[in-house]
Amino acid sequence: MKSFVTRAVVLLALAVASQPFAVRADSYALEPSHTSVIFGISHMGLSYTYGRFNQVAGNYVLDEANPAASNFQMTIPTASIDTNDAKRDDHLRGPDFFNAKEFPTITFQSTAVKAEKNDKGETIYQVTGDLNIHGVTRKVTLPLRLLKVGPGMQGEMRSGFLCETRLARSEFGMTNMIPGIGDDVAITISFEGVKQ
Amino acid sequence: MVTGADILLGGIVPGILAVVTLALVWILTKNAASSWRTAAVVSFLAGLWALDSQGVGVVAAISKSVRITEAKDFLPLMMLLAVVPDSVATLGKSGALAAWLMRLALCVFLPWRMLAGSVYLPKVAPPPNFDTGAWSTGEAVVWLGGSAALLLATWSVIRAESTEQPKLRSALAALVAFAAAVTIALSGSITTGQMMGVLTATLTGCALAAWLLKLGRGPDAAAGPLVIAFGSILVFSHFIVDVKLLYTVLLVVGFAVGAGWFFPGKKWSTPLRCAICLLAIGTAVGIAGKDFRAAQAEAASNPYSNL
């Protein structure tokens with residue numbers, strides 16, 4: 001019996017020691033230089049045009065043991081849109097599309113988080129929250145695939161995610177030039193956070 | 001990209017509606033001011049909602065004017081409110097005073113309400129390092145006060161002239177609105193240009209009906225709704241679309257001189273009115289067009305602009 005208890009304690013200690021990374025709620029600040037927000041949209045069915053937002057800020061709390069305690073927040077200045085065409089970017093910033101002067105930011109604030117495993121055994125956080133684009137707030141669920149939790153180049157603790165999803169821009173009051181410019185927008189967000 | 005549907009819904013529909021409404025109200029009431037005001041409001045709102053209804057339906061388009069999210073959604077409400085002062089003004093001396101106070105209040109309220117929550121007057125402080133260009137208190141007073149003063153002055157000038165050359169003033173008002181629509185579209189927003197296009201159709205329809213029915217009144221009869229519609233779109237265009245201040249001022253000058261009081265009874269009044277109005281709007285459209293072509297040429301000459 002004593003030997004069993006000793007073994008159990010040793011095993012438990014080993015299990016804890018082998019998990020040096022986040023096992024409880026950790027706060028992270030988004031690292032802008034390793035964060036990308038990219039979108040793709042159909043141009044008259046002929047091609048897809050891709051763009052990005054060059055500025056992003058945000059933070060999140062990651063609790064791997066209790067995903068429901070996690071939360072994510074992100075703010076994107078709308079005017080930082082970049083599709084590699086200055087004139088088009090000006091048009092996209094204007095009231096025909098994002099209306100950046102009236103709605104200077106795109107924001108996301110999570111309200112519920114749950115974790116699940118996909119068929120590859122990867123952890124997917126289904127993050128439900130309020131997404132505000134163009135002054136319209138909609139409840140959306142973003143699938144955030146946890147890529148890694150581990151040390152960065154300087155030994156600081158980091159975590160990183162990838163999210164691929166689709167949105168209908170018309171649901172956010174951006175109805176101009178549909179269907180010439182597609183309603184369906186493919187979104188890819190990948191970000192790293194540095195543990196605070 | 002302006003489609004055939006845009007021209008039908010934002011041009012032909014409000015134009016025809018203006019003619020029909022003005023004629024109907026005139027036949028029923030024989031009141032020129034009521035005819036102009038009703039036709040202006042009904043056709044402008046119908047045109048806006050018809051344009052907005054594309055893809056979302058009429059109910060959704062109208063409900064946008066109730067569940068307001070964008071500054072331009074305030075236009076219908078502003079236009080309806082603008083009917084009140086000129087109606088109240090007919091109720092004797094106290095009515096005239098109340099009307100001026102209402103006009104003042106509306107002219108102060110309009111630019112503030114349209115820009116509240118925008119980058120100029122943010123409701124929430126932006127995140128650190130995000131430069132949004134919020135106004136200081138002094139800047140806000142200058143811009144909002146200046147806009148209010150310009151709106152009130154234009155309103156005063158338009159309503160001050162009720163007998164002199166109503167046909168010419170109606171035609172010039174429609175022409176200025178058309179020039180404004182082109183200038184705004186060239187400056188970066190087709191949808192905002194289309195809104196001014198609806199006002200052009202409204203003014204054209206009203207002018208045509210008033211001419212056919214020999215009403216003897218021009219845009220002064222609907223000064224409130226017309227000035228507020230024109231002013232709201234220009235405030236939005238300058239601050240949100242980034243239409244240059246020079247173009248905005250030229251268009252306001254063109255509208256005030258073309259449609260309003262301008263030395264009635266003088267022999268030189270008509271040619272000078274036309275010359276100033278056409279020069280102002282011609283300059284605005286001309287420079288906006290030149291800027292547009294220059295920007296297009298720059299983009300076309302840059303081999304790296306769209307790799």
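Predicted model: local features only at pLDDT ≥ 70, side-chain atom pairs only at ≥ 80, totals over all residues.
Local features need pLDDT of at least 70 and side-chain atom pairs count only at pLDDT 80 or more, while totals for chains, interfaces and linings use all residues. Side-chain values use heavy atoms, without hydrogens and water, residues are numbered from 1 along each chain as its sequence is written, and chains are lettered from A and ligands numbered from 1 in the order in which they are written.

Q: Why is the pair Lys101(A) and Asp242(B) called a salt bridge?
A: The term requires a side-chain nitrogen of Lys or Arg within 4 Å of a carboxyl oxygen of Asp or Glu. The closest N and O atoms of Lys101(A) and Asp242(B) are 2.6 Å apart, so the pair meets the rule. Across the interface of chain A and chain B, the rule finds one salt bridge.

Q: What makes up the side of chain A that touches chain B, by class?
A: That side has eight nonpolar, nine polar and six charged residues. Ala, Val, Leu, Ile, Met, Phe, Trp, Tyr, Cys and Pro count as nonpolar, Asp, Glu, Lys and Arg as charged, and the others, Gly among them, as polar.

Q: How many residues of each chain are in contact, and how much area do chain A and chain B bury between them?
A: With contact meaning heavy atoms within 4.5 Å, 23 residues of chain A are in contact with 31 residues of chain B. The two chains bury about 2100 Å² between them, 58% of it on carbon and sulfur atoms. Buried area is the accessible area (1.4 Å probe) that two parts lose on being put together, summed over both.

Q: Why are Cys274(B) and Cys163(A) called buried?
A: Buried means under 20% relative accessible area, exposed over 50%, and partly exposed in between (1.4 Å probe, protein chains only). Cys274(B) has 19% relative accessibility and therefore counts as buried. Cys163(A), at 0%, also counts as buried.

Q: What makes Asp63(A) a buried residue, and where is its place in chain A?
A: Its relative accessibility is 8%, so Asp63(A) counts as buried. Its place is in the loop between β4 (57-62) and β5 of chain A; helices (H or I, at least four residues) and strands (E, at least two) are DSSP runs, numbered from the N terminus. A polar atom of the Asp63(A) side chain lies 3.1 Å from the backbone nitrogen of Ala65(A).

Q: Why are Asp90(A) and Arg93(A) separated by about one helical turn?
A: The two are three residues apart in helix α2 of chain A, which means a separation of about one helical turn. Arg93(A) has a relative accessible area of 25% and so is partly exposed.

Q: How do you know that Arg103(B) and Asp86(B) form a salt bridge, and which helices hold them?
A: Their side chains meet at 2.9 Å, N to O. The pair links distant parts of the chain, 17 residues apart: Arg103(B) is in helix α5 (residues 92-115) of chain B and Asp86(B) in helix α4 (residues 75-88) of chain B. Both Arg103(B) and Asp86(B) are buried.

Notes:
Polar contact = N/O pair within 3.5 Å; in protein donor to acceptor, adjacent residues only side chain to side chain.
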